[in-house]
Every structure is written in structure tokens, then in C-alpha cells.
Amino acid sequence: MSGRQLGARAAAAIVVANMIGTGVFTSAGYQAASLHDPMTMLLTWVVGGVIALCGAASYAELGAMLPRVGGEYVYLREAYHPAVGAMSGWASLSAGFSAPIAAAAILFAAYVGAVIPGLGSSTAQHVVAIGLIVAMTAMHGFDTVVGGAVQAVMTAAKAVLIAGFVLAGLLLGDGDWGHLASRAGGLDNVGTSAFAVSLMYVSFAYSGWNAAAYMAGEIEAPQRNLPRALLLGTGSVMVLYILLNLVFLYALPPEVLAGAPGQPPIHEVGDAAARALFGPTAGTLVSTLIALALVSAVSAMVMTGPRVYTAMADDGALPAWLGRRTARGVPLRAVVLQGLLAIVIVLATDLGGVIRYVGFTLAVFAALTVAAVFVLRARQPAATRPYRTIGYPVTPLLFVVTSAWIAQAQIRENPRESLWVGATLLGGAALYAAFQRRRPAGAPPS
């Protein structure tokens, strides 16, 4: 059986499905609590979308040049050192996929609890979240082609849902355009640490724009289809995100999204907006559909992540047993390990903390990866590059500089999550060193 089974549409569907998940349905509350001004909030989604497109354009060059399974792990290994690649692979396992899977499952359970009050208790929420992770792990542990086909259907349904919600909200919803009126200070927060941290939440929502790169080894004609999938998927989601947040603000003013004084921001933003726009009955229906959209997000991440761990295992940076595939070509053990880690995170974390941890970690490695475009052009100028980054060198430079700004703001404003990120990096380095010591004498480094 050929290892390349996914076409351009399936790859683009994976990008869209990975992007549309927890972040867009929660970030507005956190943004409202720190920025207050609706137009500033919308601006973060425009800026975040442009940055994501810059990243996608850069990853497209790397993916077309190195069309192998593993994504950042492969690119960083080639550009810097195998240890850097191993650290990124460990970050992908923990912060890149397992933690976002847990976050999406937690939010799914919250929406289910909003629709079915009997499932609103903490125990029930854990059961629902873990049940979703187990179900998606079982599905993608069965077959790549079947999982990809189901994913494409769910992604199409999710895109239709969001587009329908936007249109219905603007045309039929009981909202108020006055909610978008400028607050005191207006755009004064642009350029501040509050704006940078809000961009971190937005970056978390946009994370997944690089998803197809992780599966480059399973995409047909990757030199042509991978750039198309990355750019088309990211651009489409950018438009949907801006419109969706416009509807959220049309439904509810920033003061409501930010939560009551002394209380956390609203997490189930989609549920609150739907009920404000359409009333309890229609709002319940929309919230049900949003919960189904989160199923697609979990499914996409469960499908994508294990390809990174498999590539690392093939290189000897992780145990060899983790890279073994079934007769259907599925890295079953990697899929199961990821699911188990996600379940542990569900039981041990809160939604806000995991979003900040994931957003910061991914910003660090995405910036390193985009910078690899500069490194590889300098070190391997004669290498074949079927696709070259649009707008080089401005495009990757803008991404790297913005990511550095977000990172320094996160360290200053949220030191606790920053320490978690540091622990993740050290864990990846220690893991790499441990496996290198076990390699046979004379064997090349992974």
C-alpha cells in the first residue's frame, strides 16, 4: 500500500479541522477581560490571521523541500541539530497535541453540560471529555483512509455550521451593533503587553495552520498539494474567525464576555452568544452543533499528532515500538499514548492554564521553525525548493518578530505557565540525551 493516501482536499480539511476548535470559542472572553474595546479585539484576529498566513507560507517551503512525516521535528532537525528536533517532538506530544486535545474535550464537555444540565457536574464533565478522547482514539487507531474520510465530512459540516451561525446571527439574531462602539481608550492597547497576550490566545485559536505539514509523507504530490492545503486552509479559517468574533460581539458586549467582577471570563462564548441571539431553544440547538464541531477538532488532532512521534521513533529519538504501524498503516501505539496523555491532562488541569501553556509553547517552536527558512537557505542554497515562501524575507521575519514579542509578554504576565514551558523544553532535551546514550556505539545521532 502506498504511504501517500491523502489528496489536497483531505489535507486542507485537516488544516481547517485542526484550527477550528477550542480557541475560537473561548478566546473572546479572555480578550474582553484585558482589552475591553471591541474593535481592538477584532484587530487581534486580523493580525493573528496575517501572522498565521506568514507562518503557513514559510512552512509550505519547508514542507515542499522536506516532504516527510514529522513536521517541525524534521525541519528543526535539519536546520539546527537533532536535539532541537527532539525537543520540538516532545513539545508536540505534550503541548502540541495532547494538551489541545484535552482542552477541546473539556470544552466539548462544557457545551454538552450546557445543553444537558444533568451532565454539568465535575464528574460528568470528566466522563464526557474522556469518552470523546477514547472514541476518537479508537477511530483513528483503526485506519488512516477511513479516519481521513470521516475527518473530511466532519470538517465540511463544521465549516457549514460556522458559516450558518454567522449568517443567521447577523441576519436573524437579536443582537446590537452598539456593542461594537469604541470604549474608553479605544485602540490605545495596541502595542501593549495586554495586546500581545491577547494575540497569544488568538495564536492558540489559529494553531493548527501547520497541521498538513505533519502528514507530508502521506499526502499525494506534496510539493504541489502541501502549499495549497496550508494556504487555502489558513486563509479560509481567517475569514471565518473574523466573522465569528464579529457575531460574538454583536450578540454580547465586552463587559459581559469578560465575566462578572471577581469571576473568570466566559468560557462557553458560543453558547452564551447563541442564547443571546436566538433565545434558549434555538441557542441550545446551536450549542449542540458547536459541541459537534469540537468533536471534529479532537478527531483532527488525534489523527495528526502521532505522525510526529512515529518520525521520532524511526530516527531513534523515541522508543522503536512507538513507531510501529499496523497492517493498515496506522501508528497505533503512538495514537494510544497520545490519548492516554490527553486523559491525564483532562484530569489534572483547567482550561485557561492549558490554553496559555499551549499557546506559548507553540509560539516558541513555530518561530524557530519559520526561522529555519533563513537557516536552510543559507546552509543549503542549492537544495531543491518546489515552493518558495511568498514575500521572503519579510514574511518569515514578521512571524518571528511577532512571536518573540508574544513570548516576552507571556513571560512577564504569566510566569507560571512560562515555567511549565521551560520544564517541557528541559524534558525534551533530557529525553533526547537518554536515548542517545542507549544508541549502539558508532551509530550516527538521530
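Predicted model: local features only at pLDDT ≥ 70, side-chain atom pairs only at ≥ 80, totals over all residues.
Helices here are DSSP runs of at least four residues, numbered from the N terminus.

**First stop: histidine 36.** Select histidine 36, which sits in the loop between helix 2 (27-35) and helix 3 (38-65). Its phi is positive, about 70°, although the residue is not a glycine. Most residues other than glycine have a negative phi. Histidine 36 has a relative accessible area of 44%, and because that value falls between 20% and 50%, the residue counts as partly exposed.

**Second stop: the largest pocket.** Next, select Ser94, Ala99, Ile345, Tyr357 and Trp420, which lie nearest the centre of the largest pocket among its 13 lining residues. The volume of this pocket is about 310 Å³. Colour helix 5 (82-115), helix 14 (332-348), helix 15 (351-379) and helix 17 (415-437): each of them supplies at least two residues of the lining. Helix 5 provides the largest share, five residues.

Is serine 94 buried or exposed? Serine 94 is buried, because its relative accessible area of 15% is under the 20% limit. Display its surroundings next: apart from neighbours within four places in sequence, serine 94 is in contact with Ala99, Pro100, Ile345, Tyr357 and Thr424.

Now select Ile106, Gln125, His126, Thr349 and Leu351, the residues nearest the centre of the second largest pocket, which is lined by 15 residues. Helix 5, helix 6 (122-140), helix 14 and helix 15 each give two or more residues to this lining. Which helix gives the most to it? Helix 6 does, with four residues. The space in this pocket amounts to about 260 Å³. Its lining divides into seven nonpolar, six polar and two charged residues.

**Last stop: proline 393.** Finally, select tyrosine 392 and proline 393 and inspect the peptide bond from the former to the latter, which is cis, with omega near 5°. Most peptide bonds are trans. Proline 393 is located in the loop between helix 15 and helix 16 (394-413).

How values were computed. Residues numbered from 1 in each chain as written. Heavy atoms only, no water. 1 Å grid on protein atoms, 1.4 Å probe; cavity = no way out; pocket = protein on both sides within 12 Å on 5 of 7 lines; lining within 4 Å. Points joined across faces, edges and corners; volume = space filled by probe spheres on them. Nonpolar A, V, L, I, M, F, W, Y, C, P; charged D, E, K, R; others polar. Buried < 20%, exposed > 50% of the residue type's maximum accessible area, 1.4 Å probe, protein only. Contact = heavy atoms within 4.5 Å.
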